[in-house]
Amino acid sequence: MTEADSILIIGAGQSGAVAAATLRDLGHAGPITLIGREAHAPYERPPLSKAVLQSAEAHAQTAVHPGDFYEQRRITLLTGAEALRLDPSAHLVHLSNGRRLEYSRCLLATGGRARELPSLPRGTAGVHYIRTLDDAAALRAGLTPQARVVVIGGGFLGLEVASTARSLGADVTVLESAPRLLERVLPAALSDWLADRVRHAGVTLRLDARIARSRAQPHPDAAVRHHARFTLELQDATVIEADVVVVAIGLAPEVSLAEQAGLALDAVNGGIVVDANCRSSDAAIYAAGDCASQHRRYLNTALRLESWQNANEQARAAAAGMLGLPTPGEPYPWFWTDQFGCNVQMLGLPQPGLAYACRGVPLSQADAPKFIWLGHRDGIPVHAIAINAGGDLRQLRVLFEQGLRIDPQRYADETVALKPLVKACQQSVAAAS
């Protein structure tokens, strides 16, 4: 590798910024260029639905790196620049401003774009999609006390927005098309518990809710003429009036550059197919973050994981891969969300046939409940959901990563200290070997 080895990163989000920093940490001395479509330097997205919605000042705390970081680390940051075309044969990227940039290796960290409802397209007055800092700022202006806010989609993002809007005094309704909340990541009993908590916070929650028709008309108040009043009719003939509509129905991977360049895409999840080193079907092009599909050893399938953890870990793996260095070990999948007074953390995903043991008061609706549901197969932990118990979940992580058996009854007994219990599980395996 020489000083002339140039690495180009397309996508100035979490993955792109972490990859750039990791490349320098691992000793890459050649040019690094980070291209971002937005005008902002790389920032973290989780606060967009929480702190950034609550305060205009909060965006200053969202930066992935300090303001002078890129200059100090000799990373060229191009904001407000869009990559239009990738030419793998010539190792060139064509930008919207007419520039052409050469690369030795290229990382696609293009993330994703919010899925849209055709009947409520982006750009409609009063309709909001939350993907960027500018999106969050536009929505914040409409979250006034007594504003009638309808959130379409009861996933992580939709529920976080609903929680924040309710804390600001808005009248909030959540419409979820599935029969229960977060059905892909929570067992049924916990979905029902979460639905009760949402309703207890004063949010109107409608499950199995599908929009048949929507109608918008200009707001009669000239002071808010940039908004509209909406009438949403559901398939069951329910009519809902709204001043603000937030659409949070998921993310589509941004793979247009990869598709145009002929890279292999996953037929199921649409992501860019990458190996354990985050290398795509082109040896000089890598992908990381929301846009990448990778086989997950712990889950035994290829997935796109839309998580803060995955954005960071794949970025580090891609950086190592581009430099021909060993990649870090695959972490056990971890997800988190803050909503309705609860920090919810999860390890793994539900699987058929799991039995669950609970440590703490099961399904408590206290102001600050604390418990962990541990999903196991014959005592081997596979899935866990921690409510306000992230510290305890961290102690359990080694059992998941090493596939160690635990006694579910002793786990559920709070008189048995957790740390010695985990240590005993490790020692029993060591003794047996």
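**Close-up views of a predicted model**

**View 1. Val-149 and Val-172 in the largest nonpolar core.** Among the 46 residues of the largest nonpolar core, Val-149 and Val-172 touch the most other members. Helix 6 (residues 188-200) gives the largest share of this core, five residues. A nonpolar core is a set of buried Ala, Val, Leu, Ile, Met, Phe, Trp, Tyr and Cys residues joined through side-chain atoms within 4.5 Å. Buried means under 20% relative accessible area, exposed over 50%, and partly exposed in between (1.4 Å probe, protein chains only). Helices (H or I, at least four residues) and strands (E, at least two) are DSSP runs, numbered from the N terminus. In soluble globular proteins, nonpolar side chains tend to be buried together.

The model is predicted: local features need pLDDT of at least 70, side-chain atom pairs count only at pLDDT 80 or more, and totals for chains, interfaces and linings use all residues. Residues are numbered from 1 along each chain as its sequence is written, and side-chain values use heavy atoms, with hydrogens and water left out.

**View 2. The contacts of Val-172.** Leaving aside residues up to four places away in sequence, Val-172 touches Val-149, Val-151, Ala-162, Ala-165, Arg-166, Gly-202, Val-203 and Thr-204. Contact means heavy atoms within 4.5 Å.

**View 3. Gln-14 in helix 1.** Gln-14 lies in helix 1 (residues 14-25). Its relative accessibility is 12%, so Gln-14 counts as buried. Not counting residues up to four places away in sequence, Gln-14 touches Tyr-43, Glu-44, Val-64, Trp-308, Ala-311 and Asn-312. With the side chain of Asn-312, the side chain of Gln-14 makes a polar contact (3.0 Å). A polar contact is a pair of N or O atoms within 3.5 Å; within protein, one must be able to donate a hydrogen and the other to accept it, and residues adjacent in sequence count only if both atoms are side-chain atoms.

**View 4. The largest cavity.** The structure holds one cavity of 30 Å³ or more, and about 70 Å³ of space lies in the largest cavity. On a 1 Å grid over the protein atoms alone, a cavity is a set of points where a 1.4 Å probe fits but cannot get out; lining residues have an atom within 4 Å of a point. Grid points are joined across faces, edges and corners, and a volume is the space filled by probe spheres set on the points. Among the lining residues are Leu-182, Trp-193, Thr-337 and Ile-387. Helix 6 supplies the largest share of this lining, three residues.

Conventions: On a 1 Å grid over the protein atoms alone, a cavity is a set of points where a 1.4 Å probe fits but cannot get out, and a pocket is an open set with protein on both sides within 12 Å along at least five of seven lines; lining residues have an atom within 4 Å of a point.
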